[in-house]
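The structure is shown first.

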Amino acid sequence: MSANPLIIAGVEFSSRLFLGTGKFSSGEAMRLSLEASGTQLVTVALGRVRTGGESDDILSHLDTTRYRLLPNTSGTRTAKEAVLAAELAREALGTHWLKLEIHPDPKYLMPDPVETLLATELLVKRGFVVLPYVHADPVLCKRLEEAGAAAVMPLGAPIGSNLGLESRAFLEIIIAQSGVPVVVDAGLGAPSHAAAALEMGADAVLVNTAIAAADDPVLMARAFRLGVEAGLLARISGLTGMPLRHGAIPASATSPLTSFLGETG
Amino acid sequence: MMNFLDVWKRHDFAEVARRIASKTPADVDRALGRARGSLGMEDLAALLSPAASPFLEEMAQACHHATVERFGRTMRLFAPLYLSNACANVCTYCGFSAHNKIRRKTLSDAEILAEAAVLRSHGFDSVLLVTGETGRVGKDYLSNALRLLRPHFSGLWIEVQPLPEDEYAALGADGLSAVLVYQETYDADAYKRNHLSGAKADIEWRLGTPDRLGRAGIKKIGLGALFGLSDWRADAWFTGLHLRHVETVHWRTKTAISFPRLRPHEGGEIPVTPFSERDLIQAACAFRLLSPEAELSLSTRESEAFRNKAFKIGFTSMSAGSRTNPGGYASAPESLEQFEIDDARSPAEVAAFLRSQGYEPVWKDWDSTYDGFAGRRAVAAAS
C-alpha cells in the first residue's frame, strides 16, 4: 500500500497541510510560518484583499509562485453573497479556486448547509473549483460531491476552538464514502489532531488559528508539518487498528459456528 | 462520475489471484484487528486467502456478531419466480443456454398470476423475477409483469438481462425495487470461454450494469460471481471491489451479495474450479467483515444440512421452496429447471426451522404504499 498523491481538480499537492493566512501578528510572521509548514495551498480571506487593483498588504507577503491561493468567502451569509464574492475574488486574485464558506451566524461561525449546497451548484456552473467548508455531515458531503465540489472540507470542531476531532465518528463515514478528497478544516488545535486526521484517512488538513496564535507560530508550523507527515506515514505503513479485535467475541462461551465444515475443501 | 469499468481495467485478474495467494497469517491477523467497517481491499485479499483458513472460526464469530448487531436475529425469505427460460445466449454452464434442446416457455399474464397466487399462499411477500436473455422478455414484458404483480407483493426484484439506464428508470416507476446482476466472473478469459455467443458475451456491458442501476435510482443492487468459473478467491475480491465501488459512488443504493456455486445442469459438463462449502463460508465472512451492512443471501442451491448450519454465519436472506422453471409453482412442477436445487423443504418448514433456532423469519419488510402504489390491502378493499 502506498499513499496516492493528493490531487484536487487535476493539481497535485505533495504537502497535506493547508494553511489559513488570518490572525498572524505580522506579514513577516505569516511568511516564515508558511515556509516552515511546507504548505502549497493557502486560504486568503476576501475581506483582506483589495478588489480595486491596488497593492495589497496580505498579498505582498505571499509568494504566489510558491503557494496556490484559495480565496475564502468567509463573511458571506447567503449563496447569493458568496457567488458575488467569488466573482470579485476571481477577478482580483486571478484564480478560479475557491474555499466556499458561508456562515450567517457571527457567534459560532457555523456553516449554512443549505446555502452552501446551493452556492456550490451555482459556482460549479460558473467554472469555479469549489472546496466547500461544511459540518461533518456525510450526506451533505455526498450531495456536494454530486454538485461538482472538487473536495469537501468538513469541520473537526467549531472553528477556532482548538478542540480537535470532535466530529470523528462522522468524519470516518465521510472519508469512507467520499469520491473526492476530504480536507479536515477547523478546530484542529494541536499537531496530534492533524496526525490523527491523516491516520484516519483524511487527505489533508487546513490549519490557521493553532499556528497563527501560537507563541512561536514558525515553530508550531513546523510541528504541524511533522504531525501531518507522521499521520500519513502511519496510515500507509498499516495501522493495526483498535485494541479490540474485530470480533469482539463475548466472554460467554459461544458455540463453534464452523465445526460442521470439513477441515479442508 | 467514476465508472466501475475503469476501476476493473486497472486490475489484472491473474495478478490479483497471485497477490491473494501470497497473503500471510500476519496479514489475516492484521485484517481481523481492524475496527469494524474499516477494512481495505488488501484486508479483503487477506481474508479470502488460503492463509485465512486457520482463522475461519474466529472470522465466523466476528461475522455472526456483526450481523446480529446490524440485522438482529432475523432472516428475510423470498422466492424466485421464473417467468421465461427463452434465451439467445450460449453459455457453457447454464441449463437455459440457446443450444440446449429444451422446451422454451414464457409465462402469459394468467400463468404469472397463477404463480403469484401459489407464492402468496406460501406467505411470500418478496419475489425475484427471473428470465433468460432475449428481446421478447425485455423492458415491455417486464413492465407488464411488474404491473401484474405489484398488487400482490411488496418486494419485486429481477434477475434478467442487463438493460440500459432509461429502461431501469422506467421499471423503477413500475415498482421494481431491486436488481440482481451477477457478473459470473471478473476474469476476462474465463468470461470469454464460458459466454460463447449472444449479448451476454459482451463483458463490458455487463460490468457497467450496476453503474446504470445506480444512476437510474434503483434501490438495491445485488452483486455476485458464479463461483467455479475461475479462481474463486480473485472473483470474490473483484466482487468486493465492485461492492465498494457501488457503496461509494451510488451511496443511496442498498447492496446485496450472493454466492452462487456452479451446479449440475442439463446440457453437458464443464470444468469447474474448486469451491467448497468451507470456501463459501470463508467468502461470506470476508464480505460481512468488509461491509457490515450488505445483505448476504444464502441460496437454495445449497443443501438443507449446510443451510441449517450456515445461515447464522452472516446471512440475512434466503430463498425457500424454490422452483427454477417457468410455471414451476402452479402448473409444471416437474419440467426442466435452470439448475438443481438441493433444499427441498417447503417455505413453512424453513420458517419453522428458523424459529426453532431463535431466528425470526421475515416475509415483509417494506410496503409498496410508501412508493406511491396502492397497497395490497387497498386493492383487496376495492375489489
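## A packed helix pair

In this predicted model, helix H12 (residues 232-249) of chain B packs with helix H13 (residues 277-290) of chain B at an angle of about 25°, and their axes lie 11 Å apart. Because angles under 35 degrees count as roughly parallel, H12(B) is roughly parallel to H13(B).

The crossing in which H12(B) passes H13(B) is right-handed. On the H12(B) side the contact is made by B:Trp232, B:Ala236 and B:Gly240, while H13(B) contributes B:Asp279, B:Ala283, B:Ala286, B:Phe287 and B:Leu290.

## The chain as a whole

Chain B contains 16 helices and 11 strands. The radius of gyration of chain B is 20 Å, close to the 21 Å that the globule rule gives for 383 residues, so chain B is as compact as a globular protein of that length. Taken along the principal axes, the C-alpha atoms of chain B fill a box of roughly 65 × 45 × 40 Å.

Of the 383 residues in chain B, 51% are buried. When contacts in chain B between residues at least 6 apart in sequence are considered, 78% of them join residues at least 24 apart.

## Confidence

The average pLDDT of chain B is 90, and 92% of the residues score at least 70. Among the elements of chain B, the highest mean pLDDT (98) belongs to helix H2 (residues 13-21) of chain B, and the lowest (52) to helix H16 (residues 376-382) of chain B. Where pLDDT is low, the predicted coordinates should not be read in detail.

For the complex, the predictor gives an ipTM of 0.73 and a pTM of 0.81.

How values were computed. Residues numbered from 1 in each chain as written. Chains lettered and ligands numbered in written order. Predicted model: local features only at pLDDT ≥ 70, side-chain atom pairs only at ≥ 80, totals over all residues. Helix = DSSP H or I, 4+ residues; strand = E, 2+ residues; numbered from the N terminus. Rg over C-alpha atoms; globule rule 2.2 N^0.38 Å. Buried ≥ 20, exposed ≤ 12 C-beta atoms within 10 Å, placed from the backbone. Contact = placed C-beta atoms within 7 Å. pLDDT = per-residue confidence, 0-100. Axes fitted to C-alpha atoms, helices over the stretch in contact; angles between N-to-C directions. Parallel < 35°, antiparallel > 145°, perpendicular 65-115°, else oblique. Left-handed = near helix turned anticlockwise from the far one by under 90°.
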